[in-house]
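Me: I have a new model open and would like to learn how to read its features. Could you take me through them?

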Amino acid sequence: MNLKITSFSEYKEVYDYSVREPENFWAEIADSFRWRKKWDKVLEWNFKEPSIKWFQGAKLNITENCLDRHLEKHGDRPAIIWEPNDPDEAHRVLSYKQLHDKVCQFGNVLRNNGVKKGDRVCIYLPMVPELAIAVLACARIGAIHSVVFGGFSAQSIADRINDAECSLVITADGGFRGAKDIPLKDIIDDALVQCRSVQKVIVLTRSRSPVSMIKGRDVWWEDEIKKVETQGNPPCPVEIMDAEDLLFILYTSGSTGKPKGVVHTCGGYMVYAGYTFANVFQYHPGEVYFCTADIGWITGHSYIVYGPLSQGATTVMFEGVPTYPSPSRYWDIVEKYKVNILYTAPTAIRSLMSFGTGPLEGKDLSSITKLGSVGEPINEEAWHWFDEKIGNKQAPIADTWWQTETGGIMISPIAGVTTTKPGYATLPLPGVQPVLVDENGKEIEGNGVSGNLCIKFPWPGMLRTTYGDHERCRQTYFSTYENMYFTGDGCLRDEDGYYKITGRVDDVLNVSGHRIGTAEVENAINMHTDVVESAVVGYPHEIKGQGVYAYVILGESVHDKELTRKNILQTVTRIIGAIAKPDKIQFVSGLPKTRSGKIMRRILRKIAEGETSNLGDTSTLLDPGVVDEIKAGAL
Ligand code: WT7
């Protein structure tokens, strides 16, 4: 069997085979990677504990697959093309050979600074090549990386560093995003006041803004790389990892509590990221691939770094934002590098769509042959705009459904191989067994049905645990339905058996493709001294997909509500980060609660959606009168 499926009939054959003989199927896929030692057993699992082990006994290092194995034949091929925030700054191209050398060099820097196999390293960097280099250097020496997106606050970083007990932080003086210069090192300094585990901070020079370097703790990236060996073959020997050794932790929000550290392991994740990348995008050597995500999210991990590099691809990495310095920016990048494959998010598409076709005028997009979408349901209008204006109706759109926890794409068209359908993630990839279940956990069979989306058989890229709290992993994903992984998403399967994800069924919002827990935002709002209580729900937002709507009860002493509104926004920015700021804050005198004190979010959601006529049964409410007041004051 080949790694890549190339026709619809082959898809069907391979899919059936993957269900009939999953272990043989995955062993054949895994065969196309480089292992120091092959596995003794392909799979051992139960979803009760859960305990999931792929390729037990196998030994590998993922960076040998992403770098070393390409050197002999393709060392000069571009691995990373980096486009800076400012289009007037020079771009950078790193060949596989150059990337390998830099990863080795920085791997040695980490070792020099006391980092050993199994240590946790927090990475808080802008979208510069050194971010990919830092990630790969950790993987090379067996350190576990925990990348934190540059938009998170000091408090969020501190929580993540403490949860994983990171011993080292890699950051930059500052980072450019559009017109903004984000003071990354200052934010890290604020975070580290609360973090006792951190011994060292490595600081990259990027923005040349002034920073305070603390003696004994903080060192410059540029100084450190001068101190290490770059000779030898390879100059930085890999740490040989067990397939089930931890590769990375990535924090993500859920419906309760603080974000949890999703854990991915070396062997299974590598196989899954590489396999899905090769198939979904039908990557051919020489093609230029551009994923617009940030490496701070799982999309960047799997589809800027590990997936593409494991397949010897050329991956474009962009530091900036789609609208800076103008809404033509993506199209300029496509033209400049003759991008063949563009993988982006519905929120970006909708935002660019809102500028009309002006920004597209005179732009040569003819290099594009394949498109991808990820992060949230794509509405049909955006799908068609993407298809017509960007793909010229010639480029299949892979609407890829997956999650931080799944490690890689699960349900998606295979570009040019299987059929697309606007708004549909369509069919599961071979090796993926989705099921729809009803409230009672009963599998709903047949077509033309909808329910909650679960996966009933393991796949190599799935999460293994939530860091430091296995019980939370069991509770969140494996306890709702027996013997199944529960995704948290609602889904329909149409008459043809095609899947359409309808959105979260839990208290998780998807704002511009970013996952935000309503409880998390409520906790942040409630920290403000004038707030008595709050309830947060999502509502449809034209660009962001979902917006954050907060109902807030204020204390007696508040006089200036406008100022209080701004103060609440400031509080959320401090506690979580600007990405979680409510779009709307409605001050209310009470919240609709049941007699047992539970907030009836269903009602609040409807009001936020502007659907006030049919609120359903409100007779169980403690004080039904409060609903009329909230309705009257709705924003
Ligand atoms: C949630 C996962 C997957 C990487 C980026 C987000 C939603 C994701 C789609 C899609 C409809 C989608 C789901 C999922 N989602 N892709 N193609 N169609 N919904 O990763 O932050 O872990 O969020 O994003 O609701 O559960 P994440």
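**Around the ligand**

Reply: Let's begin with a polar contact, meaning a pair of N or O atoms within 3.5 Å; within protein, one must be able to donate a hydrogen and the other to accept it, and residues adjacent in sequence count only if both atoms are side-chain atoms. Here an N or O atom in the side chain of Asn510 sits 3.4 Å from an oxygen atom of the ligand. This is a predicted model, where local features need pLDDT of at least 70 and side-chain atom pairs count only at pLDDT 80 or more, while totals for chains, interfaces and linings use all residues. Residues are numbered from 1 along each chain as its sequence is written, and side-chain values use heavy atoms, with hydrogens and water left out.

Me: Which backbone atoms lie 3.2 Å or 3.4 Å from a nitrogen atom of the ligand?

Reply: A backbone N or O atom of Gly375 is 3.2 Å from a ligand nitrogen, and a polar backbone atom of Glu376 is 3.4 Å from a ligand nitrogen.

Me: Is Cys66 buried or exposed?

Reply: Buried means under 20% relative accessible area, exposed over 50%, and partly exposed in between (1.4 Å probe, protein chains only). Cys66 counts as buried, because its relative accessibility is 0%.

Me: What should I look for in the backbone angles?

Reply: Most residues other than glycine have a negative phi, and most peptide bonds are trans. In this model, the bond joining Glu49 and Pro50 is cis, with omega about -10°. The peptide bond from Tyr324 to Pro325 is also cis, with omega near -5°.

Me: Which phi does Asn392 have?

Reply: Asn392 has a positive phi of about 50°, although it is not a glycine. Asn392 counts as exposed, at 56% relative accessibility. Lys393 is not a glycine either and has a positive phi of about 60°.
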